[in-house]
Amino acid sequence: MDNISNEASVIRYFCTAGSGMEQFVVDEVTRKLVAQDIERLQGKVLFSSSAHITRVKALKSAERLFLLLKRDSPLKLSAHANPARVASVLQSTLLGHRQEWTGAVMTWRRLQGVVADRTEASEGEELRGEEEENAGDFQIMKKRRKMDCGDDFTPGKCRDTTAPQANQHSVPLSFRISCKCSGSLSRCLSVWEVSKVLGGSLSGKLGWKVDLRNPHIEITVYLRDDYCLLGIPLTRLPLAHRCYIKTTGLRSTVAWAMAELAQIQSGFVVLDPMCGVGTILIEAAQDHKLSYFLGLDLDDGQLHKASENVAFAELGDRIHLIKASSNDMPLASASVDAVVCDLPFGRKFGTKTGTAAGLPLILAEMERVLRVGGSLVLLLSPQLSFVLKKILARHDPGQSNQERRSGSQGVTPTLTQGTEPPTGPTTEPCPPLASLKHVATRRLTLGAIDGLVHKYIKTHT
Ligand SMILES: C[S@@+](CC[C@H](N)C(=O)[O-])C[C@H]1O[C@@H](n2cnc3c(N)ncnc32)[C@H](O)[C@@H]1O
């Protein structure tokens, strides 16, 4: 059991993260929470921090947040183990000492006490009544959003905020177990078996009561071939749920990570030339209060939702939306400090050939409006990434002029549209896109499909 005694102000947590997002979580907890003893696992990041719980709950790159109960090596079970052997391994590996569980619950209670706010709970009751009468009212949604932002810890908000049942001196603590078992272990163990053995042992050992419907705490168990992890969820909704977004577009954690890669600074003007409902702009604007954001999109429906989202997040003074094509942006050359863009692909937005065919022109426009030194961050499918690589290879400044000339023969003539006549120290004009220097590529999961985030820096005009 790790370092979660109630005396210690340093608390050990873990977060779940989408595949490919783990490094963003590591960087974020290091920077925002001064986290220590960080351990990165596949899909999880463990860390210790003494930061206030509200700051821990404000992490943007993680999916879910847990108080760490236990981290151990994987269960050693053969596929032919009999039930008695399974129960014995589960108990010896997962259970540990009584004090470890009681200590964890005291820490959980302490954290709960820090944020529990009865006023908010009663405001919630008031609001629910109001909502029934005025369904769809925007002001009420905004008020509701404020309430959601004060997220609670576990299932059963009212019980958490009043918490008489959780009192160790009266009613026994109630719990339920939620188990996720993967890899080869899932062939020799059922989640039902784990819940039964662990639940029975905790009831016997600690006098806690199983309550599947509305427990005080939930104990989450991850059993994998490379580790086992036990924790208590610290928020009712996933951290990835954003209380300030009305209509969701791109996964908010990914949108945040893209903005992070752009290294936005105070005073920057940041452009999303295919902004959809504005998720990237909103994620970026939430974290960068002294920067300005511009979103373009061709689609009226998307722009309408984006403007609703911007108003809902109260960011109308810093996010501006324009109906325009990313093929021909109504912007001066070198007028923005960063471009961040989630290009259309996948089932919802993609066409088989559309984006690939239009990519050279869109890239040329992005390059044109970006200032020298600015970042370009693009989210593409693996297929579009391949096309991007091919396009940029043709314009690699490392190639000789002869190579450039022969390489550019296959490029669509629309490439040069909208670009400024190049200037610079060389006598040979640089072809469009030659200024984009590759910095990094990260592969991320976007639900059913994967995406690749590419970062480029514009090196010259
Ligand atoms: C993948 S979606 C962006 C989703 C966005 N990141 C969000 O969170 O809502 C791509 C967007 O590009 C827009 N689009 C497609 N072609 C465009 C073009 N030539 N110019 C501007 N927008 C375009 C679509 O209308 C769509 O909203």
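Reply: By class, the shell around the ligand is made up of ten nonpolar, six polar and three charged residues. Here Ala, Val, Leu, Ile, Met, Phe, Trp, Tyr, Cys and Pro count as nonpolar, Asp, Glu, Lys and Arg as charged, and the others, Gly among them, as polar. Bear in mind that this is a predicted model: local features need pLDDT of at least 70 and side-chain atom pairs count only at pLDDT 80 or more, while totals for chains, interfaces and linings use all residues. Numbering runs from 1 along each chain as its sequence is written, and side-chain values use heavy atoms, with hydrogens and water left out.

In all, 19 residues surround the ligand, and the closest are Leu 250, Val 277, Thr 279, Asp 297 and Asp 342.

Now for the polar contacts, meaning pairs of N or O atoms within 3.5 Å. Asp 297 has a side-chain N or O atom 2.7 Å from an oxygen of the ligand. Ser 326 uses its backbone: a polar atom there sits 2.9 Å from a ligand nitrogen. With Ser 325 it's a polar side-chain atom, 3.5 Å from a nitrogen of the ligand. As for cover, the ligand taken alone exposes 600 Å², and the protein buries 90% of that. Those accessible areas come from the Shrake-Rupley method with a 1.4 Å probe.

Stepping out from there, look for an open sheet of seven strands, ordered S11-S10-S9-S12-S13-S15-S14, with mixed pairing. Strands are DSSP runs (E, at least two residues), as are helices (H or I, at least four), and both are numbered from the N terminus; two strands pair if DSSP finds at least two bridges between them. At the edges are S11 (319–323) and S14 (436–446), each pairing on one side only. From one strand to the next, the twist averages 15°.

Leu 376 has Tyr 456 of S15 as its bridge partner.

Two helices pack on this sheet. Helix H10 (residues 252–261) touches S12 (336–342), S13, S14 and S15, and its direction makes about 155° with that of S13. Helix H11 (residues 279–287) touches S9 (269–272), S10 (292–297), S11 and S12, with its direction at about 175° to that of S10. Touching here means heavy atoms within 4.5 Å; axes are lines fitted to C-alpha atoms, for helices over the stretch in contact, and angles run from 0 to 180 degrees between N-to-C directions.

How values were computed. Near = heavy atom within 4 Å. Polar contact = N/O pair within 3.5 Å; in protein donor to acceptor, adjacent residues only side chain to side chain.
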